[in-house]
Amino acid sequence: MTLRDPDIRAPLLEYLHSLGHLTVTEFTTHDARADVVAITDTDLVAYEIKSDVDTNARLSRQVESYDKVATRLYLVTTAKKLPKMLPILPPWWGVLVATETPSGVTFHEHLDARDNPAWLQ
């Protein structure tokens with residue numbers, strides 16, 4: 001099955017809520033809109049979803065914009081899209097890979113997000 005944004009977004013929000021995080025969808029930043037932002041006790045974490053039907057055309061601009069506002073950042077994508085998306089990401093970005101299973105969409109942490117260096121000063 002082709003995973004689209006809604007197929008990934010709903011389980012991502014469910015997962016983040018299960019961790020007790022407050023979430024905001026379509027969070028506007030400078031010149032881009034983060035799909036999901038989670039607010040934790042210590043971080044503002046941005047999640048950008050790139051589904052099987054998305055391209056990487058805007059990803060560089062989104063990365064630059066989200067880096068200005070979030071302390072941690074994740075790309076949420078599929079195994080199919082990962083090879084094209086990964087080279088665009090800075091080393092502090094994390095990656096969650098969405099996979100469809102018989103029990104629904106699950107996430108595997110391909111890369112753990114590190115502190116955004118813009119917020120370490």
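## Charges, fold and aromatic pairs

In the protein chain, the mean position of the 12 positive charges and that of the 17 negative charges lie 8 Å apart, where Lys and Arg count as positive and Asp and Glu as negative, with His and the chain ends not counted, and where the place of a charge is NZ of Lys, CZ of Arg, CG of Asp or CD of Glu. The model is predicted, so local features need pLDDT of at least 70 and side-chain atom pairs count only at pLDDT 80 or more, whereas totals for chains, interfaces and linings use all residues. Residues are numbered from 1 along each chain as its sequence is written, and side-chain values use heavy atoms, with hydrogens and water left out.

The secondary structure comprises 3 helices and 6 strands, taken as DSSP runs (helices H or I of at least four residues, strands E of at least two) and numbered from the N terminus. Read from the N terminus, the order of elements is α-β-β-β-α-β-α-β-β. Along the principal axes, the C-alpha trace spans about 45 × 30 × 25 Å. Of the 121 residues, 45% count as buried, meaning under 20% relative accessible area, with exposed over 50% and partly exposed in between (1.4 Å probe, protein chains only).

A search of the whole structure finds 2 aromatic pairs, that is, rings of Phe, Tyr and Trp (its six-membered ring) whose centres lie within 6.5 Å, with planes under 30 degrees apart counted as stacked, over 60 as edge-to-face and the rest as tilted.

| Pair | Centre to centre | Angle between planes |
|---|---|---|
| Y47 and Y74, stacked | 5.4 Å | 5° |
| Y66 and W93, stacked | 6.3 Å | 20° |

E26, which lies in strand β1 (residues 22-29), has a phi near 55°, a positive value in a residue other than glycine. With 36% relative accessibility, E26 counts as partly exposed.
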